[in-house]
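Hello,

Here is the structure I promised to pass on. Please have a look, then read my notes below.

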Amino acid sequence: MKSFPKAFLWGGAIAANQVEGAYLKHGKGLSTSDMQPHGVFGEVVERVADDNILQDQALKDVAIDFYHRFPQDIALFAEMGFTCLRVSIAWTRIFPNGDETTPNEEGLAFYDRLFDELAAHNITPLVTLSHYEMPWGLVKQYGGWGNRQTIDFFERYARTVFTRYQAKVKLWLTFNEINMSLHAPLTGVGLPHDSSKAEVYQAIHHQLVASARVVKACHEIIPESKIGNMLLGGLMYPLSCKPADVFEALQENRSWQFFGDVQCRGAYPGYMLRYFRDNGIELEITDTDRDALKSTVDFISFSYYMSGCVTADKELNEQLRGNILSMVPNPHLVSSEWGWQIDPLGLRTLMNMLWDRWEKPLFIVENGLGAKDKVEEDGSINDDYRIDYLNDHLVQVREAIDDGVEVMGYTSWGPIDLVSASKAEISKRYGFIYVDRDDKGNGTLARSRKKSFFWYRETIANNGANL
Ligand code: BG6
């Protein structure tokens, strides 16, 4: 019978810089995200940590004020029946500049309160160590992940939070969408947008070593923990059955699978070594690095919003730029208001692909529909489009489970409206919970339940049997 496992974790996923706000509070330092008020693809605006000058200039500075309102929000998640919430820790709350030797106690205390609140509602935290932000101090003074020293700074940060929260957090993720660095170097590895491929891959190498080192540290400090990687599941189809298109799709898929290959198998794959050779890229990879990489992840987590097509025709490939990837439109799919092509079956394909490749449990830690919502006169929000999107994708998750894929859980992206990553908009809403705030920052920040709130509650209560 097709069903979800009994221990399946149901919930939602958020990221510190997209929900917390309070971006200078209690000793927090400035991050790469604070320097990108217009989102991951927007220009860099260098700001200084002066409360009086800067207060609340960018939407993310307040975001949805989760920093102060999390008890109320977690109560709403609990009302939906969440058994899991994916959150991230803002590195800059713990080590404001990144290179300190002593952590910021006020930052640590905030996440203690957050994890205690989750525990009070029996919600399991799944914690991302680094979600699209790093201390700006490390970027300015050290050159971000381009500098080997950043590995040590990150390990110190990770060991600090593993030790502090060892009794409260057993599920961890290293870097959010680690493959994103290829498309947004500042967000991914703290390098300028115009960095060369060689510079970006060297920084990625340092990040992969850091990821492996903290996997080891996590197992040492919290033996019963599980720690996974996090990939942007950029499933690509060949636009046609021309052998050249099929090969192009293989290569495109490898451009992100490479990260998983290193994180799951503990070494660089041959196709990547060839890519480096062909492109004149010589990485500094030490024997100690090779040894460190052998600490592989326990499970694979990934985001999935859409699929794309590629062709060997380079010009066509550039025609459409989605979330992050250059791709050509798939004539068989419809798109969201933001041009993201909706492909529920692609999720089943992707899950089978990942399972066949690595045979490690999967965790779907992001999936959802960004859409404009209309608040009716009576205050209701009838987001049937969101229900349809999520329902159709979850049906495919169930199919994949029936195919034999091992799946730990599903956390939909943005269970409460938040500030989008790519363009820092709030009008692109993902939530089951509406937040009264617009792109200019107007609104009361009041929360209200959308129609999808009740649908998700029913889905969780039935362990997906209603889908
Ligand atoms: C993923 C990120 O790329 O997609 C999230 O991990 C992000 O941080 C999500 O919010 C959706 O993208 P966007 O641009 O619609 O917020």
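How many bridges join strand S1 to strand S12? Five, and the two strands run parallel. S1 covers residues 9–13, and S12 covers residues 407–413. In this pairing, Leu9 stands opposite Gly409 in S12. Bear in mind throughout that this is a predicted model.

**The barrel**

S1 and S12 belong to a barrel of eight strands. The order is S1-S2-S3-S4-S5-S7-S11-S12, with parallel pairing. On average, neighbouring strands of this sheet are turned by 25° against each other, direction ignored. As background, strands of a sheet pair through backbone hydrogen bonds, either parallel or antiparallel.

Helix H11 (residues 243–265) packs on the sheet. H11 touches strand S5 (226–232) and strand S7 (299–303). The direction of H11 makes about 165° with that of S5.

**The ligand**

The shell around the ligand holds 15 residues. The closest are Glu177, Gly370, Ser420, Ala421 and Ser422. By type, the shell divides into seven polar, five nonpolar and three charged residues.

**Helix pairs**

Take H4 (residues 66–80) and H6 (residues 105–120) to begin with. Their axes come within 10 Å and cross at roughly 20°. That angle makes H4 roughly parallel to H6. The crossing is right-handed. H4 contributes Phe70, Pro71 and Ile74 to the contact, and H6 contributes Leu114, Glu117 and Leu118. Five of these contact residues are nonpolar, one is charged and none is polar.

Next come H8 (residues 149–164) and H10 (residues 197–221). Here the axes come within 9 Å and cross at roughly 25°. H8 and H10 are therefore roughly parallel to each other. H8 passes H10 in a right-handed crossing. On the H8 side, the contact is made by Thr150, Ile151, Phe154, Glu155, Ala158, Arg159, Phe162 and Thr163. On the H10 side, the residues are His206, Val209, Ala210, Arg213, Val214, Ala217, Cys218 and Ile221. This contact divides into 10 nonpolar, three polar and three charged residues.

Then there are H15 (residues 344–358) and H16 (residues 384–402). They pack at an angle of about 30°, and their axes are 8 Å apart. The crossing of H15 and H16 is right-handed. From H15, the residues in the contact are Pro344, Leu345, Leu347, Arg348, Met351 and Asn352. They meet Asp392, His393, Val395, Gln396, Val397, Glu399 and Ala400 in H16.

Then turn to the ligand, with Glu177 and Gly370 among the closest residues.

Best wishes

Note on methods
Residues are numbered from 1 along each chain as its sequence is written. This is a predicted model: local features need pLDDT of at least 70, side-chain atom pairs count only at pLDDT 80 or more; totals for chains, interfaces and linings use all residues. A residue is near a molecule or strand if its C-beta atom, placed from the backbone, lies within 6 Å of it. Ala, Val, Leu, Ile, Met, Phe, Trp, Tyr, Cys and Pro count as nonpolar, Asp, Glu, Lys and Arg as charged, and the others, Gly among them, as polar. Axes are lines fitted to C-alpha atoms, for helices over the stretch in contact, and angles run from 0 to 180 degrees between N-to-C directions. Helices (H or I, at least four residues) and strands (E, at least two) are DSSP runs, numbered from the N terminus. Angles under 35 degrees count as roughly parallel, over 145 as roughly antiparallel, 65 to 115 as roughly perpendicular and the rest as oblique. A crossing is left-handed if the near helix is turned anticlockwise from the far one by less than a right angle, and right-handed if clockwise. Two residues are in contact if their C-beta atoms, placed from the backbone, lie within 7 Å. Two strands pair if DSSP finds at least two bridges between them.
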